[in-house]
Amino acid sequence: GQHVGGDPFDWSGYRGHVVLVTFWATWSGPSLDELEMIKRVYYENRDRGFRVVTINLDEDPAPRDQFLARQRLPWAVVVSEQPSATGFRDPNAVRYGVDALPFSFLVDRQGVIRRIHVQGSGLPQHVAPLVALPSGPPTTGS
């Protein structure tokens, strides 16, 4: 995928972080509501290594661009690089079997998917224990 602006998206910058990956579209009211909950959890936990990647599945970029102009999202918004592979044909949507929105999964610091369909009021309780764990092996004092 690529960022909305067209730059390639690089997953490597997320290693060692707890990452919520969420699929959304402007035509899905529930996924727009979910973005508000995610924002709260993001601001509460970003200093503890919590990151968010949202993958937009709008087929027409105009409503997405209008939405993003009004609602500045503080995280990466990824879209398909292929104009013919948007919506549920987006390669990321196909890869993860996304067929309804919102769809999200939570990845721990080791890159393991820990929970699928984590959303709504349950999001904070699933993020908290993962961000509490340190990243990588413990350091030894000298």
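For the charges in this tour, Lys and Arg count as positive and Asp and Glu as negative, while His and the chain ends are not counted; the place of a charge is taken as NZ of Lys, CZ of Arg, CG of Asp or CD of Glu. Select those atoms to begin, and note that the mean positions of the 14 positive and 15 negative charges of the protein are 7 Å apart.

What you have open is a predicted model, in which local features need pLDDT of at least 70 and side-chain atom pairs count only at pLDDT 80 or more, while totals for chains, interfaces and linings use all residues. Residues are numbered from 1 along each chain as its sequence is written, and side-chain values use heavy atoms, with hydrogens and water left out.

**The whole chain**

Now show the protein as a cartoon, where there are 4 helices and 6 strands, arranged along the sequence as β-β-α-β-α-β-α-β-β-α; helices (H or I, at least four residues) and strands (E, at least two) are DSSP runs, numbered from the N terminus. The C-alpha trace spans about 55 × 30 × 30 Å along its principal axes. With 142 residues, a compact globule would have a radius of gyration near 14 Å, and the 15 Å of the protein agrees with that; this radius is taken over C-alpha atoms, and the globule rule is 2.2 Å times the number of residues to the power 0.38.

Switch to a surface, of which the protein exposes about 7,900 Å², with carbon and sulfur atoms supplying 50% of it; accessible areas come from the Shrake-Rupley method with a 1.4 Å probe, and for residues only the protein chains shown count as cover. Buried residues make up 46% of the 142 residues, where buried means under 20% relative accessible area, exposed over 50%, and partly exposed in between (1.4 Å probe, protein chains only).

**The cores**

Next select L20, F50, L73, W75, L106 and L123, the residues with the most contacts inside the largest nonpolar core, which has 21 residues. Such a core is a set of buried Ala, Val, Leu, Ile, Met, Phe, Trp, Tyr and Cys residues joined through side-chain atoms within 4.5 Å. The elements that give two or more residues to this core are β2 (18-24), α1 (29-45), β3 (50-56), α2 (61-70) and α4 (123-132), and α1 gives the most, with 5 residues. Apart from this core lies another, of 17 residues, among them V21, V53, I55 and V107.

Centre the view on L123, which, not counting residues up to four places away in sequence, touches L20, E34, M37, I38, V41 and V118; contact means heavy atoms within 4.5 Å.

Move to I113, which is in strand β6 (residues 113-116) and counts as partly exposed at 40% relative accessibility. Leaving aside neighbours within four places in sequence, I113 is in contact with Y96, F105, L106 and V107. The C-alpha atoms of I113 and V21, 92 residues apart along the chain, are separated by 9.9 Å.

Then select P102, in the loop between α3 (91-95) and β5 (103-107), where a cis peptide bond with omega of about -5° joins L101 and P102. In the loop between β6 and α4 you will find H117, whose phi is near 60°, a positive value in a residue other than glycine.

Finish at G16, in the loop between β1 (2-3) and β2, a residue that is partly exposed with a relative accessible area of 25%.
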